[in-house]
Structure formats: structure tokens, C-alpha cells
Amino acid sequence: MYSVISSIIFLIWSGNMINLSFDDFLNADFKLYDGNPVIKNPLSSFVVADPSVLPPDIAHDNKFHLFCHTFFGVYHYISDDGISFKKDMKIVPRAMRPNINYIDGKYYLFYERTRNVIANLFSLVGVKWKSEIFCTTSTDLKNWSEPYKVIKKTRPHEEDEHGIAISNPFLLKFDGKYRMYYSCGQTFIKDCGFCEPTHVSFAESDKVDKGYISRETPIISPDKAVEYLNLCSGCLKVYKLKDCYIGLQNGLFEKDGISHSAIMLLKSDDGIKFEFVKPFLVPQICENNKDKNWMKQYVYACCLTYYDGKLRLYFNARNVSNNLLGRESIGIFESKVR
């Protein structure tokens, strides 16, 4: 059913489409990995979240490289098989929601830069939040440049009563230009006790790491009438197929007075106007896992890769909303290519 394809990320950056139709993707038999979660939150942090992954045929050393964040910054994990990961090092502090890219021999790590940990904690008691998108670069995934600002607040919807939030960068190339999808604004989630991104927008530039101009209005905003989007928009990851673009978006929604997050499959002809297709991965109890409740209430941000005959979605999930009891870990949702 499927054509033989190279890595999704490589095809995006080579300027070619992914050799996969929308119907092929829609009919793929995705299943949760039995050994989930593959990366558990460390003892020093309640969360390990927002994975961004390079498979071996992209990375210079033929290994899987996963970037994610904890309370203390963005970390780098390494694996031979994409399942058993070893933590390598912290790349940057004051950092969340990374997006790793390999372009013309250089690695570009985009991320949401926040204030320090203490200042972030004060946001829970009314101090306004502030974050922007920064970048650091490397040629070997070991030595990294001094971080620099890439996208700052320029539009009214990027600031609200909670402060300024520019987050969840995700880079894609469109017709010779670079498009950075990002989340912005904040919506307070009552049963969690913290905010999640309100809107999804994008900025474009002729250069990969500078000169971005943000779109005047968001492309996704919350809608009380939409079941899976009645609280806020979360984040969006966009991939180009043979006949369209797909979006994987974790909308936040309320049901019976309780908040949830789930990954939705969206479809677009232009990467701007998206139509809802179906829930792609939803919260659930995993009876076969040691921690059966690890993704009970929330399924959050994700990263889609292809390697060794498998489409693999890395994602993070949360067990419960409670601030003290809630834990976030990273898991895998995958399908063989036939």
C-alpha cells in the first residue's frame, strides 16, 4: 500500500514531497508501543515533554537524537533504536518546546525561551509570563552556539492578561521560504492550575534563522462549538504529503467539567487553512503498561518520523491535571509501512 519513502524530515528539507498520499496515511495502522512510556520524567522534574526527533538517516552519526524539555531546560537524548534513550546533556536553560532541524550541514535547534525557573514559578501567583523563540546551532550536536532571538511579539493576539507567550516552534519549507509555525497567547486551565497556548500562527522568512515576519492573524483559535478545541489550540506540527499537507494538533478541550488534550489529524491544501479529519491519538488507560494511567488525561505535542519501515509518532502525555500529582512522559505511536 505504501511507497518506499525516505525520511520525512529529509524530504521536507530537500524540497521534495513525502512519497505518501493522504489516503495512505489515513489508513495506516498506528498502534501504541507496548513499552510506553519510553522516557519517564526524572525525579528532579515532574515533566519530560515536547519531543523533537532526528532519525539515523538524518543525523551525522546514524543515531536517533531526541530533544525535549524538563523544568530545567532543553535536554538531548540519544538512542540506537529510537526506543531505549540515554540522556546526553542539557543544551540550554530557560528553554521549553524544542524543534530540531538539520539543514545544509548545520543543526538548528529552535525553542521557547522563558525567564528563569524562579520567575516561572511566580507566574502561578499572578506574575506575567514572557517567552519568545530563540535558536542555537551546532555542527556536531555537542558544541552549540550562543542562543539568539528569532521571533518576538509583534501581533496583538500574542499578548493577553497572562503576559506574552511565543512558543512551540516548528519549521517547514514552503516554495523557497521558511515557515515557522508557532503557538501564542495563553489560556488558563482551571483544573491544571497553569496556562496552555491559545492560538496557532506562523511567521515566514527567506532565511532559516532570521528575518521572520509573523502573520497578522492566527490560523487556529479556540472555538466553544468545536468538541476538541473548546478551550485552546495547543500546538501544530505540519507535514507535506504527495497530495496535501497534514497537521497534527493537540487541541485542549473540556468535557464534563474536566480538561483534556488529544492529537487531532488535520488536512490542508496550502498549509494555512486546515480542516479537521479525525481524532488521531486520544487519552486512554493502557492496561498493558507498567504505568497504565500515564496518558490517562492528556496527550500533548508530537513529532512524526519515518525510519526502517516505520512511521513513528513521538509524543508526550500527562496522567492527571493535579499540579502535585501530574506527571508527563514521552511515548511512541507507530505503524509499519507495507
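Okay, a strand here means a DSSP run of E, at least two residues long, and the strands are numbered from the N terminus. With that in hand, let's look at this one, and keep in mind that it's a predicted model.

Overall picture to start. The protein has three helices and 21 strands. Its radius of gyration is 18 Å, close to the 20 Å that the globule rule gives for 338 residues, so the protein is as compact as a globular protein of that length. The accessible surface comes to about 14,800 Å², and carbon and sulfur atoms account for 49% of that. On contacts: take the ones between residues at least 6 apart in sequence, and 51% of them join residues at least 24 apart.

Now two residues I'd like you to find on the screen. Glu-196 sits in strand S13, which runs over residues 194–205. Is Glu-196 buried or exposed? Its relative accessibility is 9%, and the cut-off for buried is under 20%, so Glu-196 counts as buried. Skipping residues up to four places away in sequence, Glu-196 touches Arg-97, Gly-185, Gln-186, Thr-187, Ile-189, Cys-232, Leu-252 and Tyr-300.

The other one is Leu-266, in strand S17, residues 258–268. Leu-266 is buried too, with a relative accessible area of 5%. Its contacts, leaving aside neighbours within four places in sequence, include Ile-220, Leu-236, Ile-246, Phe-274, Phe-276 and Val-277. Glu-275 and Gln-249 are also among them. Tyr-245 is another contact of Leu-266; those two are 21 residues apart along the chain, and their C-alpha atoms are separated by 8.4 Å.

Last stop, the cavities. How many of 30 Å³ or more turn up in a search of the whole structure? Two.

How values were computed: Residues numbered from 1 in each chain as written. Predicted model: local features only at pLDDT ≥ 70, side-chain atom pairs only at ≥ 80, totals over all residues. Heavy atoms only, no water. 1 Å grid on protein atoms, 1.4 Å probe; cavity = no way out; pocket = protein on both sides within 12 Å on 5 of 7 lines; lining within 4 Å. Points joined across faces, edges and corners; volume = space filled by probe spheres on them. Helix = DSSP H or I, 4+ residues; strand = E, 2+ residues; numbered from the N terminus. Rg over C-alpha atoms; globule rule 2.2 N^0.38 Å. Contact = heavy atoms within 4.5 Å. Areas by Shrake-Rupley, 256 points an atom, 1.4 Å probe, with all protein chains shown as cover. Buried < 20%, exposed > 50% of the residue type's maximum accessible area, 1.4 Å probe, protein only.
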